[in-house]
Amino acid sequence: LSLEKFGELKPDKKVIVTAAAGGTGQFAVQLARLAGCHVIGTCSTDDKADFLRDLGCNRAINYRKEDLRKVLREEYPNGIDLVYESVGGEVFNTCVQNLAIGGQ
């Protein structure tokens, strides 16, 4: 509900879902993909990254092998439009620091 109503999911929005292979993350990935968004999902293993790609993520980031901040800055230099964040701490800070102008 929060993604659809307040996130205003629209085609081509860049959406990052943290802990994307988890219970609510999986639903967030699917909702964003159904809306036509470009979905980035974070996870902690290669198996989960494969699962996320099968689920529809355009980009799966295994944060144990890749630096989330570096990936976002290099691959999404204009920022992320919408963050669905459920990890907290440094992951939250990294996502907020990589929001696009007008991002949520």
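Reader: Which residue of E2 stands opposite Lys-14?

Author: The residue of E2 opposite Lys-14 is His-38. Please keep in mind that this is a predicted model, where local features need pLDDT of at least 70, side-chain atom pairs count only at pLDDT 80 or more, and totals for chains, interfaces and linings use all residues. Residues are numbered from 1 along each chain as its sequence is written, and side-chain values use heavy atoms, leaving out hydrogens and water.

Reader: What makes E1 and E2 a pair of strands?

Author: A strand here is a DSSP run (E, at least two residues), a helix is such a run of H or I with at least four, and both are numbered from the N terminus. Two strands pair if DSSP finds at least two bridges between them. E1 and E2 are joined by four bridges, so they qualify as a pair. They run parallel.

Reader: How do you know that E1 and E4 pair too?

Author: Three bridges link strand E1 (residues 14-17) to E4, in the parallel sense. One example is Val-15, whose bridge partner in E4 is Leu-82.

Reader: What is the order of the strands in the sheet?

Author: The open sheet has four strands, in the order E3-E2-E1-E4, with parallel pairing. Strand E3 (59-62) and strand E4 (82-84) are at the edges because each has a single partner strand, which leaves one side of each without a neighbour in the sheet. From one strand to the next, the twist averages 15°. Axes are lines fitted to C-alpha atoms, for helices over the stretch in contact, and angles between N-to-C directions run from 0 to 180 degrees.

Reader: Why is Cys-37 called buried?

Author: Buried means under 20% relative accessible area, exposed means over 50%, and partly exposed lies in between (1.4 Å probe, protein chains only). Cys-37 has 1% relative accessibility, so it counts as buried. You will find Cys-37 in the loop between helix H2 (23-34) and E2. Its C-alpha atom is separated by 6.0 Å from that of Lys-14, 23 residues apart along the chain.

Reader: And what makes Arg-59 buried or exposed?

Author: Arg-59 has a relative accessible area of 16%, so it is buried. This residue belongs to strand E3.
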